[in-house]
Amino acid sequence: MANKSGSNVVLIKGDKILLLKRSKASPWKPEHWGPPGGHVDPGETPKQAAVRETFEEAGLRIKESDLELMLQRTKNSFGVIYYFVTDKFTGEGIALSHEHDGFTWANWEKIESLDTTFEPDALLLIKSRLLSK
């Protein structure tokens with residue numbers, strides 16, 4: 001098994017979440033929609049990676065203390081993947097990195113219509129969060 005890990009952040013605004021569209025050149029799931037996230041760097045905690053990746057990919061600031069672990073799973077082909085959730089963030093709009101071609105704030109109906117990077121268990125948890133708002 002690989003010994004890497006990755007952190008993703010589901011940012012909630014009302015009954016919507018932020019999704020970023022991966023670029024055509026992305027080596028993994030090009031043109032799919034997903035949350036800000038990426039690899040946990042050496043010496044970094046999963047929450048620190050979540051904070052860093054959210055700023056690098058979307059230009060939004062979040063605090064480790066506001067992140068709730070929604071899901072943690074191990075993928076044999078990768079390692080441990082963390083999904084954090086928060087509705088607390090600051091920033092002057094979305095500032096995309098070179099890794100993404102677009103963004104949207106998507107409600108559950110829209111999420112269902114998009115090709116996303118989410119695995120089925122993560123989608124169920126997101127659905128439950130959004131439909132309970």
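Is Phe 84 buried or exposed? Keep that one in mind while we walk through the chain.

**Before you click**

This is a predicted model, in which local features need pLDDT of at least 70 and side-chain atom pairs count only at pLDDT 80 or more, while totals for chains, interfaces and linings use all residues. Residues are numbered from 1 along each chain as its sequence is written, and side-chain values use heavy atoms, with hydrogens and water left out.

**Whole chain, cartoon view**

Start zoomed out, and you'll find three helices and seven strands; these are DSSP runs numbered from the N terminus, with helices being H or I of at least four residues and strands E of at least two.

Now colour by burial: 44% of the 133 residues are buried. Buried means under 20% relative accessible area, exposed means over 50%, and partly exposed is in between, using a 1.4 Å probe and protein chains only.

**Select the core**

Show side chains for Val 10, Ile 17, Leu 19, Tyr 83, Ile 111, Phe 118 and Ile 126: in the largest nonpolar core, which has 18 residues, these touch the most other members. Such a core is a set of buried Ala, Val, Leu, Ile, Met, Phe, Trp, Tyr and Cys residues joined through side-chain atoms within 4.5 Å. Elements giving two or more residues to this core include β1 (4-13), β6 (79-86) and α3 (120-131).

Centre on Ile 126 next. Leaving aside neighbours within four places in sequence, Ile 126 is in contact (heavy atoms within 4.5 Å) with Val 10, Ile 17, Met 70, Trp 108, Ile 111 and Phe 118. Then pick Ala 50, Leu 60, Leu 67 and Trp 105, which are among the 13 residues of a second, separate core.

**Select the rings**

A search of the whole structure turns up three aromatic pairs. Rings of Phe, Tyr and Trp (its six-membered ring) pair if their centres lie within 6.5 Å; planes under 30 degrees apart count as stacked, over 60 as edge-to-face and the rest as tilted.

Zoom to Tyr 82 and Phe 84: their ring centres are 6.1 Å apart with planes at 10°, so this pair is stacked. Here's the reply to the opening: Phe 84 is buried, with a relative accessible area of 4%. Tyr 82 is buried as well, at 15%.

Slide over to Tyr 83 and Phe 118, where the centres are 6.2 Å apart and the planes sit at 40°, so that pair is tilted. This pair links distant parts of the chain, with Tyr 83 in strand β6 and Phe 118 in the loop between α2 and α3, 35 residues apart. Both Tyr 83 and Phe 118 are buried.

One more ring: Arg 61 lies over the face of Phe 55, 3.7 Å from the ring centre. The cut-offs are NZ of Lys or CZ of Arg within 6 Å of the ring centre and within 35 degrees of the ring normal.

**Last stop: a loop**

Finish at Lys 29, in the loop between β2 and β3 (33-34). Lys 29 isn't a glycine, yet has a positive phi of about 50°. Lys 29 is partly exposed, at 31% relative accessible area. Glu 31, found in the loop between β2 and β3, also isn't a glycine and has a positive phi of about 60°. Glu 31 is partly exposed, at 36%.
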